[in-house]
Amino acid sequence: MNRPLTLVVPVKHVPDAQGERVLTGDPPVLERGPGILSELDEYALEAALQLVEASGGAEAGHRVLALTMGPADAAAALKRALQLGADAGVHVLDDALAGSDAWVTARVLAAAVERIAAEESRPVDLVLTGMASTDGETSLVPGQLAERLGLAHVGFASSLALAEDGASLTAARHTGTEVLELVAQLPALVAVTDRANTPRYPNFKAIMAAKKKPVSTWSAADLGLGPGDVGLAGSLTRVLEAVPRPPRTAGEVVVDEGEGGIRLAEFLVAQKLV
């Protein structure tokens with residue numbers, strides 16, 4: 001490895017998947033409240049940590065930074081990322097961000113990555129993301145973020161390895177019928193899947209150490225973005241209407257008296273499932 005690397009992992013604070021999703025306001029936006037670190041982002045963070053550890057770790061000068069944007073509650077996602085092993089955190093915190101769509105999210109994250117590079121006085125070599133967030137599940141942000149930063153984009157990677165000189169990486173992508181091997185020169189952006197690794201669980205020592213790790217808080221203005229660039233004002237998409245999902249109705253119990261297969265086939269045809 002010729003030089004220390006800086007890796008940035010965008011992480012998202014999302015509502016707990018076990019809780020009820022509620023859209024409120026006009027236009028409707030997701031009511032967040034208490035939440036957790038998006039589970040799929042843990043795979044990206046683990047991938048970053050494994051790459052750094054395989055290349056000499058912090059002792060070699062490598063840095064892993066967690067980056068989030070969102071309300072004050074989003075600090076919980078950074079806290080979890082620091083407990084898992086990130087060296088420092090950045091929180092883009094601004095009321096004007098409320099209602100930001102994927103387009104604006106990528107814009108804000110790109111500006112934050114560029115500022116991180118300036119603050120670190122060295123380029124960001126690798127941005128690692130999850131393949132999607134567990135709330136929106138659009139998978140739109142990684143590609144848009146790579147485009148804004150002018151980086152090579154490798155999506156849906158199931159494994160990663162850095163070259164010995166740290167100048168490139170090799171990623172594997174599983175399709176339905178084959179495994180593709182992709183090579184990208186650094187700097188690059190890679191979105192990893194939940195097949196990439198098994199995220200670690202922080203021990204007591206890691207949890208205590210996380211309390212001393214630095215977290216920077218930036219506003220949209222700190223990133224050179226105005227009120228019209230972010231939030232609902234800067235978004236390209238709008239939710240026009242949201243209605244509650246109708247309650248589930250009781251299913252029909254069929255007692256098989258020799259015609260169960262026929263009844264099942266009739267049901268599938270009626271529901272246009274076959």
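**Close-up views of a predicted model**

At 54% relative accessibility, Asp256 counts as exposed, where exposed means over 50% relative accessible area, buried under 20% and partly exposed in between (1.4 Å probe, protein chains only). The model is predicted: local features need pLDDT of at least 70, side-chain atom pairs count only at pLDDT 80 or more, and totals for chains, interfaces and linings use all residues. Residues are numbered from 1 along each chain as its sequence is written, and side-chain values use heavy atoms, with hydrogens and water left out.

**View 1. A negative patch around Asp256.** Asp256, Glu257, Glu259 and Glu266 gather in a patch of negative charge on the surface. Patch members have over 30% relative accessible area and no salt bridge, and like charges are joined within 9 Å. Asp256 sits in the loop between helix H6 (231-234) and helix H7 (260-270). Helices are DSSP runs of H or I with at least four residues; strands are runs of E with at least two; both are numbered from the N terminus.

**View 2. The whole protein.** Seven helices and 14 strands make up its secondary structure. The C-alpha trace spans about 75 × 45 × 40 Å along its principal axes. Of the 274 residues, 39% are buried. Among contacts with a separation of 6 or more, 71% join residues 24 or more positions apart; a contact means heavy atoms within 4.5 Å. The accessible surface comes to about 15,300 Å², and carbon and sulfur atoms hold 53% of that surface. Areas come from the Shrake-Rupley method with a 1.4 Å probe. The protein has 23 positive and 35 negative charges, and their mean positions are 5 Å apart. Lys and Arg count as positive, Asp and Glu as negative; His and the chain ends are not counted. Each charge is placed at NZ of Lys, CZ of Arg, CG of Asp or CD of Glu.

**View 3. Helix H2 and its end.** Helix H2 covers residues 75-84. Its buried residues are Ala77, Leu78, Ala81, Leu82, Gln83 and Leu84. An α-helix has 3.6 residues a turn, so residues three or four places apart point the same way. Gly85 follows H2 and has a positive phi, near 140°.

**View 4. The Asp125 and Arg3 salt bridge.** A salt bridge puts a side-chain nitrogen of Lys or Arg within 4 Å of a carboxyl oxygen of Asp or Glu. The count comes to eight salt bridges. In one of them, Asp125 pairs with Arg3, with the closest N and O atoms 2.5 Å apart. Asp125 lies in the loop between helix H3 (102-120) and strand S8 (126-130), and Arg3 in the segment before strand S1 (6-10), so the pair ties together parts that are 122 residues apart in sequence. Asp125 is buried at a relative accessible area of 2%. Arg3 is partly exposed at 41%.

**View 5. The Arg200 and Glu46 salt bridge.** Arg200 and Glu46 meet through their side chains at 2.7 Å, N to O. Arg200 lies in the loop between strand S13 (188-192) and helix H5 (204-210), and Glu46 in helix H1 (residues 39-54), 154 residues apart. Arg200 is partly exposed, with a relative accessible area of 28%. Glu46 is buried at 6% relative accessibility.

**View 6. The Arg63 and Glu120 salt bridge.** The side chains of Arg63 and Glu120 form a salt bridge of 2.8 Å, N to O. Arg63 is in strand S6 (residues 63-69) and Glu120 in helix H3, 57 residues apart. Arg63 is partly exposed at 26% relative accessibility. Glu120 is partly exposed too, at 21%.

Key: Patches are made of residues with over 30% relative accessible area and no salt bridge: like charges are joined within 9 Å, nonpolar side chains (Val, Leu, Ile, Met, Phe, Trp, Tyr) within 5 Å.
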